[in-house]
Amino acid sequence: MHKLIDSLFMRELGNPILREKKDSAVVKIGKKKLAFTTDSYVVNPIFFPGGDIGSLAVYGTVNDLAVCGAKPLFISLGLIIEEGLDRDLLERIVRSISLAAKRSGVRVVTGDTKVVERGSCDKIFINTSGIGEIYYPGLSIDKIRAGDSVIVSGPIGDHAISVLSKREGISFSSKVKSDSAPLNGLIARVLKASDKVKFMRDPTRGGVATTLNEMVIGGKFGIAIDEESLPVTGGVKAGCELLGFDPLYLACEGRVLIVVQKDHADKVLRVMRPDPLGRSACVIGRVVKEFPGKVYLETLSGGRRIVGMLSGEQLPRIC
Amino acid sequence: MRYVDEFRNRRLIDKVAQEIRGAADPDLVYNIMEVCGTHTMSIFRFGLRDILPKGIKLISGPGCPVCVTPNEFIDKAIAIANAKGVIVATFGDMLKVPGSRSSLEKEKAKGRDIRIVYSSLDALDLARKYTTKRIVFLGIGFETTAPTVAQSILIAKKERLSNYFVLCGHKTMPEVMEVLVHDKLIKVDAFLLPGHVSAIIGLHPYEFLSVKYKKRCVISGFEPIDILQSILMIIRQRKPKVEIQYDRIIEKSGNPLARRSISKVFEKCPSTWRGIGSVRNSGLKIRRSYKEFDAEVKFKPKIEEPKDNIRCFCGYILKGLKTPYDCPSFARACTPEDPVGACMVSSEGTCAAYYKYGKDTTHSR
Amino acid sequence: MCLAVPMKIVEINGDEGFVESSGLKRKANFSLIKSPKIGEYVLLHAGFAIEKVKESEAKKTLKILRSI
């Protein structure tokens with residue numbers, strides 16, 4: 001995917017804003033700095049423990065705005081619906097979207113619906129775009145320095161496992177619920193408490209490993225992850241052992257990775273933990289001078305191994 | 001997690017690593033071949049090479065059933081997938097493995113009905129659900145997996161399912177190990193034996209390795225403590241023998257029920273191993289009494305002459321003669337997204353392990 | 001492919017049943033092991049229990065290692 005983006009989209013469409021490849025584009029209109037993002041949702045199955053394609057579509061876009069230091073304000077909603085989709089199902093999804101928007105404090109202000117013939121899309125695909133107002137400018141990969149702490153807001157991999165547990169042919173039942181949630185409230189607390197937050201991103205497709213790699217690739221720094229401090233719930237661990245997955249590569253839809261100056265890490269954790277979405281927040285690693293451009297894991301056996309970008313084993317239609 | 005977390009305990013790991021450093025003769029090099037792909041992955045995943053002394057050399061062997069499956073099998077599976085009304089059900093790792101001209105993944109993208117399952121039982125479910133389709137399950141795996149596939153055939157027979165078939169590519173371990181020890185180019189002093197294959201076949205099939213060939217052998221589990229304890233046991237052996245480290249699972253006589261299941265449905269036959277060639281008695285094929293479930297008999301898949309990719313070093317790697325770093329295609333022309341050979345895409349493939357965990361390792365090899 | 005995970009038997013219906021680990025429940029087939037019992041741990045591979053986990057041996061191994 002990264003290769004496709006670089007070789008085709010950047011080549012044809014490249015401009016300085018697009019080239020920054022942030023979760024949201026930061027655009028200036030007059031004196032105002034806005035964040036603008038878009039995402040499409042094709043998750044299969046459309047209903048899974050802890051969420052559905054509707055709530056996912058809202059939270060995903062809200063989070064892409066929030067991690068750029070923006071207050072999410074307005075969402076657009078584009079639906080592509082397969083002919084014959086059960087009316088009840090559609091109603092459930094739209095109600096879920098409405099609830100998610102209320103919960104996130106955003107408004108759906110425009111939208112579009114297309115119905116395509118049976119077989120042209122799988123039940124329903126959703127695209128949401130979002131606009132937010134930047135209140136914490138300057139978050140950037142360029143601000144990252146050796147010594148910075150890497151924080152995760154909660155246990156990893158819950159979303160991926162909950163979706164997989166409902167796939168045909170996989171047949172296991174699990175108490176694991178998707179972590180899909182709006183992070184703008186939690187992030188606002190963090191950004192209010194510290195002015196030394198360097199960069200944030202939510203670990204969706206490709207998980208924590210891929211997201212951290214994206215932060216350092218081609219750069220002057222590496223990241224060391226401490227395996228023992230990685231928060232993984234028992235249910236996700238069991239699912240990973242059973243299916244042969246590595247939790248570091250599993251998508252989360254309600255978690256944020258925060259890179260913050262080391263001496264502010266405690267302060268940040270203190271404001272995160274009272275929030276239900278940040279209860280298990282913890283430091284999982286640090287930015288280092290060694291192995292520039294790479295992410296490595298200090299394993300629980302005392303060894304070390306490189307944690308590469310997710311290659312090959314992509315889980316299809318996880319978000 | 002029970003029976004997992006305790007065997008990943010950091011303090012215990014440090015202790016055993018310390019013991020190994022004390023017990024290993026600093027002037028000796030111990031060439032230990034870990035035959036099972038899951039061992040290869042474990043060693044990398046937990047960074048075990050970093051805590052072992054330099055004199056302990058861990059060599060990956062041909063214990064990855066997907067990697068050793070020759071192109072011919074993939075070509076047949078593809079031919080069957082192109083037949084009318086067929087659903088091919090397969091374990092996930094087979095999807096990206098390149099055949100002579102295509103792969104199951106590429107065929108799936110062209111619209112063939114190819115589905116990933118985690119068990120032959122899932123394939124049986126497909127057969128029950130899609131009664132107008134013919135479900136063909138790709139039977140790949142060693143003695144750990146073979147009895148589970150045998151059971152699926154027995155269930156299909158009991159339920160009189162007429163639309164369930166197995167394309168049998170199962171292989172067995174001990175015979176190929178004899179080929180390895182005969183090979184003058186391969187330098188191996190000891191074997192870390194596959195824990196789960198051994199759960200089925202027990203200890204006896206390996207005894208020839210220590211009795212005839214004087215190799216030290218330990219049947220090992222897959223957690224870091226299991227592997228480290230097994231290495232310690234290998235170093236401490238005065239006389240070469242076959243020992244069991246994984247005794248919370250392994251019975252000396254293995255699992256007779258599982259072995260009976262294998263011999264009821266399958267019989268031994270010669271089998272071609274990628275990189276090694278044909279090995280007598282190292283494969284399984286479906287017995288005539290169950291031929292109505294045999295995909296080879298039912299479909300008689302027609303394929304062109306299978307051809308191997310000359311840019312692929314899998315053969316040398318599977319025998320432990322070269323490491324993936326020696327292969328000119330590794331991480332260049334051959335990546336998990338665009339593989340040249342099977343070793344790069346199997347979940348237990350040596351090249352996959354090296355690519356995921358070892359490329360640009362934090363210590364040089 | 002050798003992927004096999006220790007899981008606890010929680011339900012038995014003839015040859016089949018359910019196994020569980022950390023809240024994750026999966027259907028399992030017990031036809032390859034002798035007299036499965038609820039509460040026992042088994043090694044699950046490709047949907048089948050292929051062997052029982054011997055608690056006493058596991059404890060022994062850990063005890064030996066702890067005493068090094």
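Visitor: Which residue of S12(A) stands opposite A:Val152?

Guide: The residue opposite A:Val152 lies in S12(A), in a model that is predicted. Strand S8 (residues 149–152) of chain A is paired with strand S12 (residues 257–260) of chain A in the antiparallel sense, over 4 bridges. In S12(A), the place opposite A:Val152 is held by A:Leu257.

Visitor: In what order do the 7 strands of the open sheet in chain A stand?

Guide: The pairing in this open sheet of chain A is mixed. Its 7 strands follow the order S10-S12-S8-S13-S11-S14-S15.

Visitor: Which strands of chain A stand at the edges, each with a single partner strand?

Guide: The order S10-S12-S8-S13-S11-S14-S15 of chain A begins with S10 and ends with S15. Each edge strand has a single partner strand, so one side of it is left without a neighbour in the sheet. Neighbouring strands of the sheet are turned against each other by 25° on average, direction ignored. The edge strands are S10 (197–201) and S15 (304–306) of chain A.

Visitor: Which strands stand at the edges of the open sheet of chain B?

Guide: This open sheet of chain B has 4 strands in the order S4-S3-S5-S6, and the pairing is parallel. A strand at the edge has a single partner strand, so one of its sides is left without a neighbour in the sheet. On average, neighbouring strands here are turned by 25° against each other, direction ignored. The edges are formed by S4 (114–116) and S6 (164–168) of chain B.

Visitor: Which residue of S6(B) is the bridge partner of B:Gly139?

Guide: Strand S5 (residues 134–139) of chain B pairs with S6(B) in the parallel sense, over 5 bridges. The bridge partner of B:Gly139 in S6(B) is B:Cys168.

Visitor: What angle does the direction of helix H5 of chain B make with that of S5(B)?

Guide: Helix H5 (residues 120–129) of chain B packs on the sheet, where it touches strand S3 (86–90), S5 and S6 of chain B. With the direction of S5(B), the direction of H5 of chain B makes an angle of about 170°.

Visitor: Are H1(B) and H10(B) roughly parallel or roughly antiparallel to each other?

Guide: The axes of helix H1 (residues 10–23) and helix H10 (residues 224–236) of chain B come within 9 Å and cross at roughly 20°. Angles under 35 degrees count as roughly parallel. H1(B) and H10(B) are therefore, to each other, roughly parallel.

Visitor: Is the crossing of H1(B) and H10(B) left-handed or right-handed?

Guide: The axes of H1 and H10 of chain B cross at roughly 20°. The crossing of H1(B) and H10(B) is left-handed.

Visitor: How many nonpolar residues does the contact of H1(B) with H10(B) have?

Guide: On the side of H1(B), the contact includes B:Leu12, B:Ile13 and B:Val16, and on the side of H10(B) it includes B:Pro224, B:Ile225 and B:Leu228. Besides 1 polar and 2 charged residues, the number of nonpolar residues in the contact is 12.

Visitor: Which element gives the most to the side of domain 1 of chain B that touches domain 2 of chain B?

Guide: Chain B is divided into domain 1 (1–310) and domain 2 (314–358), and their centres, taken over C-alpha atoms, are separated by 17 Å. The contact takes 29 residues from domain 1 and 21 residues from domain 2 of chain B. On the domain 1 side, helix H2 (37–45) and strand S2 (56–63) of chain B each give two or more residues. With 6 residues, the element that gives the most is H2(B).

Visitor: Which element of chain A gives the largest share of the side of domain 1 that touches domain 2?

Guide: The domain assignment of chain A gives domain 1 (2–134) and domain 2 (141–306), with 22 Å between their centres, taken over C-alpha atoms. Domain 1 of chain A brings 21 residues to the contact and domain 2 of chain A brings 20 residues. Helix H3 (53–66), strand S5 (70–82) and helix H4 (87–104) of chain A each give two or more residues to the domain 1 side. The largest share, 7 residues, comes from H3(A).

Visitor: Which element gives the most to the side of chain C that touches chain B?

Guide: In this pair of chains, 29 residues of chain C are in contact with 40 residues of chain B. Strand S4 (41–45), strand S5 (48–52) and helix H1 (55–66) of chain C each give two or more residues to the chain C side. With 6 residues, the element that gives the most is H1(C).

Methods
Residues are numbered from 1 along each chain as its sequence is written. Chains are lettered from A and ligands numbered from 1 in the order in which they are written. This is a predicted model: local features need pLDDT of at least 70, side-chain atom pairs count only at pLDDT 80 or more; totals for chains, interfaces and linings use all residues. Two residues are in contact if their C-beta atoms, placed from the backbone, lie within 7 Å. Domain bounds come from an automatic or database domain assignment. Axes are lines fitted to C-alpha atoms, for helices over the stretch in contact, and angles run from 0 to 180 degrees between N-to-C directions. Angles under 35 degrees count as roughly parallel, over 145 as roughly antiparallel, 65 to 115 as roughly perpendicular and the rest as oblique. A crossing is left-handed if the near helix is turned anticlockwise from the far one by less than a right angle, and right-handed if clockwise. Ala, Val, Leu, Ile, Met, Phe, Trp, Tyr, Cys and Pro count as nonpolar, Asp, Glu, Lys and Arg as charged, and the others, Gly among them, as polar. Two strands pair if DSSP finds at least two bridges between them.
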